[in-house]
Amino acid sequence: MVDNRYATALVISCVLSVLATVYLSVAVGTQHWYQYTSPSVRGEANISELRSLHDEFMDGEFDEKTYSDTLFRLNGTIGLWWRCVLVPPLTHWYKESDPKMVMKCVTFTLTQQFTPKYKEPGNHNSGEDMLRTYLWRCQFLLPLISLGLVVLAGLIGFCACLCHSLTPTLGIGMLHLLAGLCTLATVCCYLAGMDLLHRVSVLPDKVDGSLGWSLYLALISSPLHMMAAALLVWAARSHSQNYYRMTAYRVA
């Protein structure tokens, strides 16, 4: 028999966990972690240069400097698995002064995620930048670990429900706490990596960068996981203390 207080705490923690997992999943699958705002293009020479950058971005070999420069110049957005630019349809590069813009995206392959970062982007002779390399790898591995921990917690919770037991609740709470810490670490690694990229790159004039809504979703999911963890831990410890008191009373 479960006390109403514990049942309420378990239900609220489940809702918080589901919300956090949905937010994190959406954040991982979208590209709006960081976005650049570029000035409008003027002059046929500039348009030709940007079209060349776009073609290289979409079909060329993977190179950090190439895709970074394109993101800077073409209102780019970058996430954990996607990089996108905002461009006119190809037939309108020259024909209209203010064409309707469309977003074109390219995914980071698993091989590209593990590609080393260099002290000078694009210059393989400058030496590997270990800090940026491992920050990049952590920022895409940690959210996957976080989601895996939540799935594991869900499976354990489902089995506990079938067995009508609160015993695994403490462990489930700790898994949620670890998931929240992994998500928070993901955001920290991403922000640190972008800051280091901007330090070693030259941003064009009048190009502004800002955080996107995908990053904020990930940031929100972290405290939600931690609140769910706190409720689960409280329910587990309180129920355990009451159980031992009842046992001691019966023995006495």
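# Reading a predicted model, feature by feature

User: Let me start with one residue. Is Arg-199 buried or exposed?

Analyst: Arg-199 is exposed, because its relative accessible area is 63% and the cut-off for exposed is over 50%. Keep in mind that this is a predicted model.

User: Which residue does the side chain of Arg-199 meet in a salt bridge?

Analyst: Start with the general idea. Side chains of opposite charge can pair when their charged atoms come close. Here, Arg-199 pairs with Asp-195, at 3.1 Å from N to O. The two residues sit four residues apart in helix α6, so about one helical turn separates them. Asp-195 is partly exposed, with a relative accessible area of 35%.

User: Which residues do salt bridges that share partners join into one network?

Analyst: Glu-64, Asp-129 and Arg-132 are joined that way. Arg-132 meets Glu-64 at 2.7 Å, N to O. That pair links distant parts of the chain, with Glu-64 in helix α3 (residues 64–73) and Arg-132 in helix α5, 68 residues apart. Arg-132 also meets Asp-129, at 3.5 Å, N to O.

User: Is Arg-132 buried or exposed?

Analyst: Arg-132 counts as buried, at 5% relative accessibility. Asp-129 is buried too, since its value of 16% is under the 20% cut-off. Glu-64 is likewise buried. In total, the chain has four salt bridges.

User: Why is the disulfide of Cys-84 and Cys-105 right-handed?

Analyst: Look at the torsion about the S-S bond. It is about 110°, so the disulfide is right-handed. Check the two ends as well. Cys-84 is buried, at 0% relative accessibility. Cys-105 is partly exposed, at 30%.

User: How far is the sulfur of Cys-138 from the closest cysteine sulfur?

Analyst: The distance is 4.8 Å, to the sulfur of Cys-189, and that is too far for a bond. Cys-138 is partly exposed, at 32% relative accessibility. Cys-188 is in no disulfide either: the nearest cysteine sulfur, that of Cys-189, is 7.0 Å away. Cys-188 is partly exposed, with a relative accessible area of 47%.

User: Where does UniProt place the feature "transmembrane region"?

Analyst: Read a record first, then look at the model. The unreviewed UniProt entry places the feature at residues 7–28, 140–163, 175–193 and 213–236. Take two of these spans. Residues 7–28 are 100% helix and 0% strand, and the end C-alpha atoms are 31 Å apart. Residues 213–236 are also 100% helix and 0% strand, with end C-alpha atoms 35 Å apart.

User: With which residues is Val-187 in contact, leaving aside its neighbours within four places in sequence?

Analyst: A contact means heavy atoms within 4.5 Å. Val-187 touches Leu-215, Ala-218 and Leu-219. Val-187 itself sits in helix α6 (residues 169–200). Val-187 is buried, because its relative accessibility is 2%. Compare sequence with space: Val-187 and Trp-33 are 154 residues apart along the chain, with their C-alpha atoms separated by 9.4 Å.

User: What about the surface? Which residues make the nonpolar surface patch of about 430 Å²?

Analyst: Leu-110, Phe-114, Leu-141, Leu-144 and Ile-145 make that patch. Helix α5 (residues 130–162) gives the largest share, three residues. Leu-144 is found in helix α5. Leu-144 is partly exposed, with a relative accessible area of 39%.

User: Last, the whole chain. How many helices and strands does the secondary structure come to?

Analyst: There are seven helices and five strands. Along the sequence, the pattern reads α-β-α-α-β-β-β-α-α-α-β-α. Of the 252 residues in the chain, 40% are buried. The accessible surface is about 13900 Å², and carbon and sulfur atoms hold 64% of that area. Among contacts with a separation of 6 or more, 74% join residues 24 or more positions apart.

Conventions. Residues numbered from 1 in each chain as written. Predicted model: local features only at pLDDT ≥ 70, side-chain atom pairs only at ≥ 80, totals over all residues. Heavy atoms only, no water. UniProt positions renumbered as here; feature names shortened; annotations may be inferred. Buried < 20%, exposed > 50% of the residue type's maximum accessible area, 1.4 Å probe, protein only. Disulfide = S-S within 2.5 Å. Areas by Shrake-Rupley, 256 points an atom, 1.4 Å probe, with all protein chains shown as cover. Patch = residues over 30% accessible without salt bridge, like charges linked within 9 Å, V, L, I, M, F, W, Y side chains within 5 Å.
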